[in-house]
Structure formats: C-alpha cells, structure tokens
Amino acid sequence: MTTATGDELVVLQDVHFGYDPNHVLLRNIHFRVRRGQVVAIMGGSGSGKTTLLRLICGQHAPLSGSVRVMGKDLGRFTHAEKYAVRRRLGMLFQFGALFTDSTVFENVAFPLREHTQLPESIIRDLVLLKLNAVGLRGAAHRYPAELSGGMARRVALARAVALDPELILYDEPFAGLDPISLGIIGQLIRRLNDALGAGSVLVTHDVTESLDIVDYVYFVSEGGIVAEGTPDEIRAATHPFVDQFVHARPDGPVPFHYAAEPLAQALLGRAQ
Amino acid sequence: MSRKTIDLWVGIFAVLGIAAIFFLSLRVSTVQTSSGAPYTVYTWFDNIGGLKVRAPVKSSGVVVGRVAAIRLDTQKYRAEVTLAIDPAYPFPRDTVAAILTSGLLGEQYVGLNPGGEEDMLAAGDTITMTQSAVVLENLISQFLYNSAANGNSNSGGDSSQP
Amino acid sequence: MMDWLVTPLRHIGARIINAIWRLGFILRFFAALLLVSGQSFTRLHLTLREIWFTGVLSLSIIMVSGLFIGMVLGLQGYEILQRFGSGDALGIMVALSLARELGPVVAGLLFASRAGSAVTAEIGLMKATEQLQAMDMMAVNPLARVAAPRFWGGVISMPLLAAIFSTAGVFGGWLIGVVVIGVDHGSFWSQMQASVDFRIDIVNGFIKSVVFALAVSLIAVFEGYDCHPTAEGVSRAITRTVVQSALTILALDFVLTSFMFRGLS
C-alpha cells in the first residue's frame, strides 16, 4: 500500500539527540528504511546505535530534526498515537525479554490477546503458525527458562511478528549466540521480512553474519553516521573506521587502550 | 497453576475472609440491633464520678442505650450528660437517672428507674430527678466523721450506723 | 569553620528534601496507577491471579501467626488480669487487642514481608529482564497490565487477611484461656461480646487494615517499578519495600489510633 511518503517506513532527517541539550549524543543523523528492506545499524559498543533504535520506536524524542515512522512524525506524538504506531511494529530485545512466568505459547499469544478480540481457537492457530515459522511448535508448552538462548530468541521473534508488523526492530539479535543459532536467526530475519513484506532494522556488531542478509548498512561512530552503503560497498570501503570494524583489527581509529596517561608515566609515577 | 485452580483458591480465600469478618462482627462484638435511630435525653448530675462517654445506660440491668456526651455547664456548674436511648424502650417522664457502679471496682453506668407517669419521654426532654455517683472518699469521710461524733457523745451509737 | 556543624546539617537537609521529592513522586505514581486501573476490573482474571499470589499464598503464615499471637495474649493477659481478680475479662482483652491493633498491624507487617516483597521482586525482575519495556513496545501499558492488578490484588487481600488473623487470634486466646487455663467458657464469650463494640472496634480495625493495604501495596508496586534494573537494584528495592512498609504501617497506625480512639475512655 502506498502512502504520501511512498514506501518509506522510517525517515530520519537531520536528527540531533541528547538527554540534555548540552550533551548531544547523536548529531546530523539521516536515515531511511524502505518497505522490503533489511537495514543494519553497525558500530562499536557505546557508539549510540541503540539510542538510534530508541528514537525510531519513539522511546526518545529528538532535540531537533524529524523522525517519521510510517508517515507520522514521532516527535510530536501523544501517548495514544505512539501506541497506535507500536501496534504495527515488532521489536526483538537483546535477550528476548520473554515473560518468564508464562509458557512459550502464552508469550506468543500475548500481543494477540491484548490487541485483538479473536476467539481462542483462532489465537491457538495463529500462535502455532508463528511458532512453526521459527521451528518451535513443539516447544509451545515449555517455559522460557527451559529453552536455550537461541531458542528463546526465536520465541521472542515469533512474538514480535505475532501481529504481522510492518516494521520489525532488532536490538542485537545475534548477541551471545552459538554459530548455528546465529545462522538460523539471520535466515529467519530475512525470511520473515520478505514473507511479511515489512521493513527491518537491525542493530548489531556482528559484521559477517549481517552483511550476508541485509540490503543496506549504516555505520555509527561517536554519535554520527560515518559510512553507509550496500554490503558490497561496505566490504570495499576505505574509511578507516569501517575497515577496522569489518576486518576486526584490534587497533585503528577505535583505540585498543582506554584514554589514559602514558604507561611509562604511570609506572614511574608509582615507583617514586 | 491453571486459571481454574486459581479462581477456586481465590474463592476459598474470599469465603474465609468474609466468614472472619462475620465472626468478628457477630460473635466477638455486638452489632447494635436497635429498631431505629436512638432518641436523646438530657440529664443533670452534681457529680458523675468516673462516668465515661459510651458507658452503657441500663434499666433493670438491661442495656437500653449509651452515654452520648458529657459536658460541664459553666452557668450552673453541673454536669450535663446526654443519653442516647434505643427507641424500642420508651420511659415515663418521672424516670430517675442514677450513676451506678457494676461491682465494687467495675465500670460506671447510668441506671434508669422508671416512675409511674403516663406521659413518655420524647427526644430532647430532660430527666429532672437524678442521683449522682457515689464517691468513695466522701462516703468514707462521712463515715469517719459520724463515728467520731458518736464517740464524743457516747450515746445513740446504733442510730448512725451506715 | 563550623564545618562539623554545617556538614551534618546540610546532609540532613538534603535527605529531607530527597524524602519530600520521593513522596511527591510516589503520589504522582499513585495517581497514574489509579488512572489506568480500569483494566484490573474489566479483566478480572488479572486481579484474581494477584489475589491468589498475595492473599492465598499468605494464608498459612497469617493463620499460624494469628493463632500464636492469640495464645500468647491468652497466657500474658490471664497472668496480668489475674492480679486484679478479673481473669474472666480475658476474652475482652484478647479480642480488643486483636481487633483494634494487632490484627491490622501484625497482619500488615507479615503481608509486607511475605507478599509485598514478592510483588517488588516480581516487578523488579520483569524490569531488569526488559519484560516491562517489551510490553511497552507491544503497545501494552505495563502500568495497567502489571502494576495495577498487583496493587488492587494487595488492596483486596490484605483486609481479608487481617480479619482472618484476628479470628485465628481470638481462637488462640480461647484455646489457652478456656481450654488450657480454665476460664469460664460462657463469661469468656459474653464479656467479650458485651465490651467489644462493632462500630468502634471492628469497623475501625477494618478501616486500619484497608489503609495499611493501600500503603503497603503502593510501596511494593512502586519500589518494583522504580528499582534500578540490576540484581543489586532489585534486592535493594525489596529491602526498601519491607522497611518502608513497616515504618509506614507503624506511623499510620499511630495517626489513625489517635483519631479513632482518643477520648473514648
């Protein structure tokens, strides 16, 4: 369905953000996600990429610039309007954030029960379909504590797409997974996005896995976007930060050492 | 724990709690089962002794009301005691109110001794005939004074026995 | 100069300002909680689950504690009343102390440490594991879905628990007084009935338990909701719930008692 903004799900224009105006965390952010795209936000820890994700889902409001999600300006939203947008949006948290006191089935059923008046039989069918899509229909009556990290992440993914969202946000979907689970999650992200015809935003620092599945990459460093492009462009990029990141070099623009006085001075200083 | 089991237990819990409230209301305390709003009657006493607000008002030992208020009238310097009496118990106009003590050291209460008049007390009426509290100290000093007087005269000893 | 005086004063001042600020914050939280409480009653099973959690699971500790407190009252009360030759008044003493004070206060303290701490822990852990945030992202208000049912569950459970506590206590007193010591069965109950007033003693005791329930439930839910989302933060929040609930119950008890029972006797 085309709206006035075409098929652009997320548009950030010249966004500045900080918890207080004197301490700006993100500056000059231009960012867009189109329908059907899987977009990755990459960067080191503490570079501001999770903050960027929070701007997109409306948890924070920008200091200046506009954040448009599905054609609506999130910066000027009331609480009710924000919730209306969030119903069309799925989010996968870093560690799944499953409800530990409910079964896998109830976890996936939660958004359906909260936002629809569907009869129990239809809810059951929908939940089993979503669980089947992530390959965990057999674990429907388990509790999250009984699942491995990768399986819990897949359940959370099923829950995030339970309402067939138009935009799916992933906060570090690969963190702490073994290579097999990592591959499964990566493929699921791509498959679900294509099946739903949605847009996806991935916050990650897992370069090799994400470059295989995404359409576009933004590199964030020290509060700004330092590079962007398709995976091929990124692999060939000469920007020193991207080069260090993609090829995992220990030292480069991101220094190995935390800012400190020179070692010799520290040692001598203590000796005296 | 399934939803059905939870509902059952919550039901049992609610029944227990309400049963406890009923037990406290009916078995432990007395709910005033009066036939309507009590009517107030005023009385005047020279001395109320240790009478307290909410002390019972009894007639022939049956509780018929409570002491609603006690204050000192600074014109007459007498105590005005307001009685709230159950409308199920009408009393004649010439009823005598007395402050009595249940047992030697027990609580004090107002005793009503009905007279023989036809007219009944209405709300806001005043009981004119009253008998103040017996103050033990006065009683003892009176007794001592009398026996001292008897000792001096040495005669008619049995006439002043209390 | 004068540092030894100024520094502690400044410290005390800062603590007072902080306490006032926090009180305002709690009251604002309370207002927000009331605004979103509709769901707790339209979707009753949410609240029923919390009544089960806070009420039913506290039942055994409340009944056993009530029984023991009543038995102690029976022993101590009889020993003291005996000195004045009024051992028959044991029923009055047991029932009055339970209905007016011990029922609401001790049940409130037990409730705070048994159920209040559990509520804080549950909400705190949900916050620490991002479950509340996940709910918020699914366009479900966690205040309405998580906090409000727990609050109302506590508010409904606690007065019932206090009544059950008092009843168990009266039976404990009866057990020691009548069955063991041999106070007359008839005078135990009849003196109790004659001297315990429904409106003054039972209703006021019930009002106390409702006020304590509101305070403890609010503190428990607030501390869980407000805690620092780490293991240490949750454990601190639980401690704060128990300590603040106990202090609040005792302070409120003094205030309520001075309003309810002053000038009665």
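Visitor: Where does C:A139 lie in chain C?
Guide: C:A139 is in the loop between α6 and α7 of chain C. Helices (H or I, at least four residues) and strands (E, at least two) are DSSP runs, numbered from the N terminus.

Visitor: Before we go on, what kind of model is this, and how are things labelled?
Guide: This is a predicted model, where local features need pLDDT of at least 70 and side-chain atom pairs count only at pLDDT 80 or more, while totals for chains, interfaces and linings use all residues. Residues are numbered from 1 along each chain as its sequence is written, chains are lettered from A and ligands numbered from 1 in the order in which they are written, and side-chain values use heavy atoms, with hydrogens and water left out.

Visitor: Back to C:A139: buried or exposed?
Guide: C:A139 counts as buried, at 5% relative accessibility. Buried means under 20% relative accessible area, exposed over 50%, and partly exposed in between (1.4 Å probe, protein chains only).

Visitor: And what is its phi?
Guide: Phi of C:A139 is near 60°, which is a positive value in a residue other than glycine. B:S60 also has a positive phi without being glycine, with a value near 50°.

Visitor: Where is B:S60?
Guide: B:S60 sits in the loop between β2 and β3 (62–73) of chain B. B:S60 is exposed, with a relative accessible area of 74%.

Visitor: What does the secondary structure of chain B come to?
Guide: Two helices and eight strands. Along the sequence the pattern reads α-β-β-β-β-β-β-β-β-α.

Visitor: How is chain B divided?
Guide: Into domain 1 (1–31) and domain 2 (39–136); such bounds come from an automatic or database domain assignment. The centres of domain 1 and domain 2 of chain B, taken over C-alpha atoms, are 41 Å apart.

Visitor: How much of chain B is buried?
Guide: Of its 162 residues, 31% count as buried. One of those in strand β2 (residues 56–59) of chain B is B:K58, which is buried at a relative accessible area of 19%.

Visitor: What does B:K58 touch?
Guide: Leaving out residues up to four places away in sequence, B:K58 touches B:V63, B:V64, B:Y109, B:V110, B:G111 and B:L112. Contact here means heavy atoms within 4.5 Å.

Visitor: And what about B:E80, where is that?
Guide: B:E80 belongs to strand β4 (residues 78–85) of chain B. B:E80 counts as buried too, at 11% relative accessibility. With residues up to four places away in sequence not counted, the residues B:E80 touches include B:Y42, B:W44 and B:I70.

Visitor: Let's switch to the chains together. Which pair shares the most contacts?
Guide: Chains B and C, of the two pairs of chains in contact. No contact joins chain A and chain B, and their closest C-alpha atoms lie 11 Å apart.

Visitor: How many residues are in contact between chain A and chain C?
Guide: 22 residues of chain A are in contact with 19 residues of chain C. The area buried between chain A and chain C is about 1,700 Å², and carbon and sulfur atoms give 55% of that. In chain A, A:Y83, A:F93 and A:E114 lose the most area to chain C, together 30% of what that side buries. Buried area is the accessible area (1.4 Å probe) that two parts lose on being put together, summed over both.

Visitor: How many salt bridges are there between chain A and chain C?
Guide: Four, counting a side-chain nitrogen of Lys or Arg within 4 Å of a carboxyl oxygen of Asp or Glu. One joins C:R49 and A:D101, whose closest N and O atoms are 3.5 Å apart.

Visitor: Which elements of chain A give two or more residues to that side?
Guide: α2, β6 and α3 (104–115) of chain A. α3(A) gives the most, with four residues.

Visitor: Which residues of α2 in chain A are buried?
Guide: In helix α2 (residues 79–86) of chain A, the buried ones are A:Y83, A:V85 and A:R86. Seen down the axis of α2(A), they fall within an arc of 160°, so they line one face of the helix. That arc is taken from the directions from the helix axis to the C-beta atoms.

Visitor: What do they pack against?
Guide: In chain A, β4 (64–69), β5 (72–73) and β6 (89–92), together with α6 (131–137) and α7 (142–181) of chain C.
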